[in-house]
Amino acid sequence: MALYVKAAEILQKAEKKQGALKTLVYDSKFANIKQLFALVCETQKFSSILQEIIASTKLLKLTGLKPHLAQVLVYDLIIGQGLKCGGSWKAMLMKHRSRLQAELARMKVKQKVSRNQDLLPASLQQSAADLLPRYVRVNTLKTTVEDAVDYLKREGFLYLGQASRLDDLNLKKKAFVQDLHLPEVLVFSPKMDFHDHFLYKAGHIILQDKASCLPAHILNPPPGSVVIDACAAPGNKTSHLAAIMNNKGQLFAFDLDAKRLATMSTLLLRAGVTCQQLANQDFLTVDPESPQYKDVEYILLDPSCSGSGMVCLRDNSSSADVEKDQARLASLASFQLRCLNHGLRFPRLKSLVYSTCSIHSQENEDVISACLQQNPSFRLVPLLPQWPERGLEPFTQCLRASTSKTRTHGFFVALLEKRSESEPVDQEPAVQISSSEVTSHSPPKGEKRPAPSPEESEASDTEEKPEPAAEQMNDAQAKKRRKRKKKKKKKAAASAE
């Protein structure tokens with residue numbers, strides 16, 4: 001029963017907006033995270049149907065079960081693969097199984113559908129695009145792509161070479177390809193599982209969504225660089241950076257949660273990373289002028305976000321939640337802008353990658369727009385011209401990712417680069433991102449980054465932090481410009497005399 005009790009507890013917390021679903025699952029420290037995550041996601045997806053069945057059969061009144069516990073039990077009993085428990089609770093549920101199944105059948109007849117999946121709202125029905133391929137990043141600190149391919153071929157996998165188009169990623173059984181955009185990524189059929197595979201356990205491969213591999217690939221710090229991974233947990237991007245750097249240089253990785261940092265340390269050890277310096281510290285409190293960070297040239301910033309790009313975390317909010325969700329997005333955008341502005345303060349910075357696993361423009365293009373207005377000495381760099389999905393106008397230099405156009409989770413990536421002194425400044429229309437009433441660096445209760453999991457951890461989740469108003473930053477810049485004009489006038493007057 002431990003599985004169902006924990007799943008019910010997580011669903012209740014998620015309903016109360018006490019955290020993102022993925023965060024709550026990973027923070028639970030449950031023995032089988034994969035099993036728990038699948039049950040919670042599927043129960044939440046079918047929640048409206050389950051509630052109707054439970055209400056129609058008066059199950060709560062007849063059994064005394066709590067609503068969320070009843071939902072997870074009924075899901076597995078009549079929709080899932082059967083109850084994974086015994087004892088009195090299973091015996092009690094089995095007494096009502098025929099009535100529950102009859103109610104489910106009645107709903108399908110009423111809606112004229114034959115599959116349980118077809119009862120879901122259109123926004124939640126899984127399309128072919130949602131059956132994402134299994135992406136595997138080869139850890140070049142421990143092996144090469146060629147050696148990994150040879151090992152898998154000897155195990156009976158069928159290698160089809162490098163993909164040349166997205167349709168080549170429609171794979172079955174043990175067929176696999178090299179990705180068409182990222183050469184260190186191998187692509188397998190959606191149901192392929194590597195959690196018990198030798199290459200995974202030995203750290204030779206990393207289970208990471210393709211879109212999540214983009215930030216480090218785009219930042220591309222050369223060996224010997226000084227790099228910051230600003231919001232590092234769970235550590236897959238950190239290990240990717242180290243591989244690109246060939247373990248040469250300095251890689252500072254920050255995270256506010258000591259437990260996540262400890263788990264991340266284990267992950268990096270397995271991946272063979274040796275150039276890292278982990279710090280249990282909020283990135284916003286890191287002093288850019290500190291001698292320790294004076295040579296930082298590259299920063300990867302993947303701050304906490306809504307997680308709306310994750311397939312299993314798509315919004316299913318009612319209209320009553322829309323206003324609350326908009327306020328939450330505004331708070332997240334403020335936090336993200338604060339992190340971005342802080343990252344650009346490092347004196348020797350050359351390039352900064354900003355990424356989110358969000359589909360909302362408030363967290364993506366709007367944050368970039370406000371940042372460029374406040375930091376005119378930086379510009380956007382056009383990315384991967386062959387990538388099929390671009391940022392929203394006018395920020396087409398950026399990349400977006402989605403299930404339909406890139407066969408990945410939803411993602412956003414932008415690369416900011418310091419301008420040369422002679423380069424003209426482009427003026428983009430400003431997007432105002434207002435500050436929240438909260439001004440502390442640490443996130444409000446119930447909102448934090450996901451804890452590292454023993455399985456695929458490809459993006460950040462939810463965290464809310466406030467942000468200083470964009471207007472205040474613009475005022476400060478205006479004052480500086482006025483001072484410079486006054487100095488020029490004084491010089492001109494002096495030379496005239």
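Okay, let's start with the strand pair E3 and E4: residues 175-178 and residues 185-188 run antiparallel and are joined by 3 bridges. Strands here are DSSP runs of E, at least two residues, and helices are runs of H or I, at least four residues, numbered from the N terminus. Two strands count as paired if DSSP finds at least two bridges between them. Within this pair, Val177 sits opposite Val187 in E4.

Quick caveat before I go on: this is a predicted model, where local features need pLDDT of at least 70 and side-chain atom pairs count only at pLDDT 80 or more, while totals for chains, interfaces and linings use all residues. Numbering runs from 1 along each chain as its sequence is written, and side-chain values use heavy atoms, with hydrogens and water left out.

So, the whole sheet. It's open, with 5 strands in the order E2-E3-E4-E1-E5 and mixed pairing. E2 (158-162) and E5 (205-207) are at the edges with a single partner strand each, so one side of each has no neighbour in the sheet. On average, neighbouring strands are turned by 30° against each other, direction ignored.

What lies across the sheet strands E1 (134-138), E2, E3 and E4? That's helix H8, residues 145-154, running at about 25° to E4. For angles, axes are lines fitted to C-alpha atoms, for helices over the stretch in contact, and the angles run from 0 to 180 degrees between N-to-C directions.

On to helix packing. H1 (residues 2-15) and H3 (residues 33-45) pack at about 50°, axes 10 Å apart. That makes H1 oblique to H3, the class left over once you take out under 35 degrees (roughly parallel), over 145 (roughly antiparallel) and 65 to 115 (roughly perpendicular). On the H1 side, the residues meeting H3 include Leu3, Tyr4 and Ile10, and among their partners are Leu36, Leu39 and Val40. By class, the H1 and H3 contact has 9 nonpolar, 3 polar and 1 charged residues.

Then there's H10 (residues 210-219) with H11 (residues 236-244): the axes come within 9 Å and cross at roughly 30°. Cys213, Pro215 and His217 are among the H10 residues meeting H11, where His240 and Leu241 are included.

Last one, Glu103, which is in helix H7, residues 87-110. Is Glu103 buried or exposed? Buried, because its relative accessibility is 11%, and the cut-off is under 20%, with exposed over 50% and partly exposed in between, using a 1.4 Å probe and protein chains only. Leaving aside neighbours within four places in sequence, Glu103 is in contact (heavy atoms within 4.5 Å) with Ile53, Ser56 and Thr57.

Note on methods
Nonpolar A, V, L, I, M, F, W, Y, C, P; charged D, E, K, R; others polar.
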